[in-house]
Amino acid sequence: MKDFKVWCSIIRGPVRITTTLENEVIIYKPVKDYTDEDFEKIEEQEKALATLTTVLSHDIDQGFREYESAKELWEALIEVYEGNDDMKQSRQDMLRQKFNLFNHVLGESLEAQLQRFITLTTEMSTTGISVPRSEINKKLLNSLPKSWDMNVSVIKKTTDLS
């Protein structure tokens with residue numbers, strides 16, 4: 001996000017324009033008394049919400065229409081798509097298992113296998129799973145189809161697989 005003020009508005013949450021009366025009571029300021037600075041704050045808040053809602057696909061947007069502030073929407077999106085710590089750990093465990101069980105699928109093209117492998121290792125990286133490059137390379141070599149056995153043997157004789 002390039003507009004820092006919009007991002008700050010998402011993080012801060014909804015702005016409530018208030019004023020303090022003579023008796024130290026704080027009330028919402030009537031719109032007719034807003035200053036240019038007050039309108040700017042409201043505009044940033046609206047821009048933040050609009051920015052988040054416009055990047056959501058129509059299918060996803062339907063489930064998040066109830067949120068009235070950018071902060072509420074952002075937190076809901078994080079909860080749904082990232083989950084809590086238990087869900088994150090469960091996702092990491094599932095990805096590790098998929099990595100450990102990764103293998104060539106009979107009839108699959110080499111290109112499709114590589115794409116599947118790249119997708120898996122990218123997902124692992126984005127969820128915070130760090131795997132040494134040499135281990136990734138070994139896993140890929142070991143998962144190649146049998147027709148690649150001769151090439152794999154030559155490559156494995158290389159001392160540094162990273």
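Me: Which residue just after α4 takes a positive phi?
Reply: G83 does, with a phi of about 80°. This comes from a predicted model.

Me: How confident is the predictor in the protein chain, and where is confidence lowest and highest?
Reply: The average pLDDT of the protein chain is 89, and 96% of the residues score at least 70. Helix α3 (residues 58-61) has the lowest confidence, a mean of 83, and helix α6 (residues 110-126) the highest, at 95.

Me: How do you know what span to expect of helix α5?
Reply: The expected span is 1.5 Å times one less than the number of residues. For the 17 residues of α5 (residues 85-101) that gives 24 Å, and the end C-alpha atoms are 24 Å apart, so the two agree. Helix α4 (residues 70-81) has twelve residues and reaches 16 Å from first C-alpha to last, close to the expected 16 Å.

Me: What puts the buried residues of α5 on the same side?
Reply: The buried residues are Q92, L95 and F99. They cover an arc of only 65° around the axis, which places them on the same side of α5. Their cover includes α6 and α7 (133-143). The face turned away from that buried side carries the exposed residues D86, N100 and L101.

Me: Which residues of α4 are buried, and what covers them?
Reply: A70, L73, A76 and L77 are buried in α4. Their arc around the axis is only 130°, so they lie on the same side of α4. The cover includes α1 (4-12) and α2 (36-55).

Me: Why is D38 called buried?
Reply: Buried means under 20% relative accessible area. D38 has 7%, so D38 counts as buried. The residue sits in helix α2. Leaving aside neighbours within four places in sequence, D38 is in contact with I17, K29 and D33.

Me: What makes the pair of Y34 and F39 edge-to-face?
Reply: Planes over 60 degrees apart count as edge-to-face. The planes of Y34 and F39 are at 65°, with 5.3 Å centre to centre. F39 has 40% relative accessibility and therefore counts as partly exposed.

Me: Why is the pair of F64 and Y67 called tilted?
Reply: Stacked requires planes under 30 degrees apart and edge-to-face over 60; the rest are tilted. Here the planes are at 35° and the centres 6.2 Å apart, so the pair is tilted. F64, at 9% relative accessibility, counts as buried, whereas Y67, at 26%, counts as partly exposed. Ring pairs also link F64, Y67 and Y81 into a cluster. The whole structure holds six aromatic pairs.

Me: What makes R91 and E123 a salt bridge?
Reply: The cut-off is a side-chain nitrogen within 4 Å of a carboxyl oxygen. The closest N and O atoms of R91 and E123 are 2.6 Å apart, and the two form a salt bridge. The pair links distant parts of the chain, with R91 in helix α5 and E123 in helix α6, 32 residues apart. R91 is partly exposed at 36%, and E123 is partly exposed at 24%.

Me: How are K41 and E37 placed in helix α2?
Reply: They are four residues apart, which means a separation of about one helical turn. Their side chains meet in a salt bridge at 3.8 Å, N to O. A search of the whole structure finds nine salt bridges.

Methods
Residues numbered from 1 in each chain as written. Heavy atoms only, no water. Helix = DSSP H or I, 4+ residues; strand = E, 2+ residues; numbered from the N terminus. Buried < 20%, exposed > 50% of the residue type's maximum accessible area, 1.4 Å probe, protein only. Arc of directions from axis to C-beta. Contact = heavy atoms within 4.5 Å. Phe/Tyr/Trp six-rings, centres within 6.5 Å; stacked < 30°, edge-to-face > 60°. pLDDT = per-residue confidence, 0-100.
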